[in-house]
Amino acid sequence: MKIEDLYIYPIKSTKGQKLIEITILKIGFENDRYLGIANVKNEIITARENAELLNIKTEINNNQLNISYKNETKKIALNKEFQDIELSLFHTSVAGKIISDELNNWFTALLNSESKLVKINLNKLRKTNDTAISFNDVYPIHLISRESVAALNDKLETPIESNRFRPNIIISGVKAFEEETWTHLIIGECEFKVVSKTERCSLITINPHNGVKDKKQEPLRTLAKAFKKDGKVNFGIYLIPIKTGIIRDSDTLKIKTVGNKEYH
């Protein structure tokens, strides 16, 4: 078993940034979904509401946010003081910071809707079952395997890539869907608890390369038909950090427990 790829998504629902190593904090991957785009109602939007977000490339390097869209590039320093703002994400109140008024007109034109760039307030984080998170959907870290993607592709007319599921960690060297049986794992110097399977929604029907939604609702339709369990359509697993530190794409992965069975 090994790590194939590591990703963060600096602005929620935008393109991922591939990394060779990442710092693991209690709230997950450092800089993962620390930023978002809020609408006129101060609601953080996702690609479910505006698929154009998937065409925006974002990177964070040395506390500088780089944003690219087609032939335009914007840069902004993140190590400054920003104004507080009350936001909403999935109908839940979220404390945030307004990053840049100067970029808001640019985002508004790009998304064809009044928009503002916002950031999490690290001093007032929202929680899922006592787990502090950034602008993640549910839990801090999402893991999938190459083998599970291959098993799904065997049933699809048009194969998809792993990035359709917007994972933080992509692994290989396991049986398809084996990850769903794990409860604890170790990667490099870090340890993680598996808290749930990842329930899927319509977002995976949108092609991340062009923002176009699949007319046949794939791969969600095939997932629901071939892999649905207990009335839910799942793919991948959610993790929370137990021991923090740094993980690298060269690290091996060790399964600590499967169910109640412990491995050494």
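**Strands and salt bridges: a short tour**

Buried here means under 20% relative accessible area, exposed means over 50%, and partly exposed is in between, with a 1.4 Å probe and protein chains only.

Before I go on, a word on the basis. This is a predicted model, where local features need pLDDT of at least 70 and side-chain atom pairs count only at pLDDT 80 or more, while totals for chains, interfaces and linings use all residues. Residues are numbered from 1 along each chain as its sequence is written, and side-chain values use heavy atoms, with hydrogens and water left out.

Back to Asp5. Which residue does Asp5 form a salt bridge with? The partner is Arg146, and the closest N and O atoms are 2.6 Å apart. Asp5 lies in strand E1 (residues 2-8) and Arg146 in helix H2 (residues 146-153), so this pair ties together parts that are 141 residues apart in sequence. For a salt bridge, a side-chain nitrogen of Lys or Arg has to be within 4 Å of a carboxyl oxygen of Asp or Glu. Helices (H or I, at least four residues) and strands (E, at least two) are DSSP runs, numbered from the N terminus. Arg146 is partly exposed, with a relative accessible area of 31%. Lys18 joins in too: Asp5, Lys18 and Arg146 are linked in a network of salt bridges.

How many salt bridges does the structure hold? There are twelve. Among them is Glu191 with Lys256, at 3.0 Å, N to O. That pair links distant parts of the chain, with Glu191 in strand E17 (residues 190-199) and Lys256 in strand E20 (residues 253-258), 65 residues apart. Glu191 is buried at 15% relative accessible area, whereas Lys256 is partly exposed at 25%.

Now for the strands, which pair if DSSP finds at least two bridges between them. Strand E3 (residues 21-25) pairs with E19 over four bridges, and Glu21 stands opposite Arg248 in E19.

My last stop is a hairpin. Strands E9 (residues 83-89) and E10 (residues 92-98) pair in the antiparallel sense over seven bridges, with Asp84 opposite Lys97 in E10. Two residues sit between E9 and E10, and Phe90 in the turn has a positive phi of about 55°.
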